[in-house]
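Please look through the sequence and the structure below before reading on.

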Amino acid sequence: HRPSSILTRWRWELVAGDAVSGAVVMAVIVVSFLSMMSFADFLRFHGQDDEARAGERGLGRRRAGARAPREREENAEDGHVE
């Protein structure tokens with residue numbers, strides 16, 4: 001639209017309706033953003049729970065020769081250095 005279209009809406013009788021419309025659009029944007037953040041947080045925690053359960057069953061994502069941090073600490077206490 002042309003900038004002159006703004007001047008045609010710059011009337012006191014239209015300001016209230018435009019302000020309400022702007023507030024509704026802003027509320028929809030904020031609620032959408034908060035919903036997406038909540039869903040991302042849910043996925044993050046849900047994914048951690050799945051990885052923890054997989055690790056308990058021995059299905060964790062470790063390389064063939066990698067040791068868990070606890071195993072490295074126990075070996076360090078025995079004097080074995082990798």
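Phe42 counts as partly exposed because its relative accessible area is 48%, where buried means under 20% relative accessible area, exposed over 50%, and partly exposed in between (1.4 Å probe, protein chains only). This is a predicted model, in which local features need pLDDT of at least 70 and side-chain atom pairs count only at pLDDT 80 or more, whereas totals for chains, interfaces and linings use all residues. Residues are numbered from 1 along each chain as its sequence is written, and side-chain values use heavy atoms, with hydrogens and water left out.

The structure holds one aromatic pair, and it is formed by Phe39 and Phe42, which are stacked with 6.4 Å from centre to centre and 25° between the planes. Rings of Phe, Tyr and Trp (its six-membered ring) pair if their centres lie within 6.5 Å, and planes under 30 degrees apart count as stacked, over 60 as edge-to-face and the rest as tilted. Phe39 and Phe42 are three residues apart in helix α2, so about one helical turn separates them; helices (H or I, at least four residues) and strands (E, at least two) are DSSP runs, numbered from the N terminus.

Helix α2 also holds Arg44 and Asp41, again three residues apart, or about one turn of the helix. Arg44 forms a salt bridge with Asp41, with the closest N and O atoms 2.6 Å apart, and a search of the whole structure finds one salt bridge, defined as a side-chain nitrogen of Lys or Arg within 4 Å of a carboxyl oxygen of Asp or Glu. Arg44 counts as partly exposed because its relative accessibility is 46%, and Asp41 is likewise partly exposed, with a relative accessible area of 32%. Arg44 also lies over the face of Phe45, at 4.6 Å from the ring centre; a charge sits over a ring if NZ of Lys or CZ of Arg is within 6 Å of the ring centre and within 35 degrees of the ring normal.

Leu34 is found in helix α2 (residues 12–56) and counts as exposed because its relative accessibility is 51%.

For the protein as a whole, there are three helices and zero strands, and the pattern along the sequence reads α-α-α. Of its 82 residues, 2% count as buried. The mean pLDDT, the predictor's confidence in each residue from 0 to 100, is 77, and 67% of the residues reach 70 or more. Among the elements, helix α3 (residues 69–77) has the lowest mean pLDDT (58), while α2 has the highest (89).
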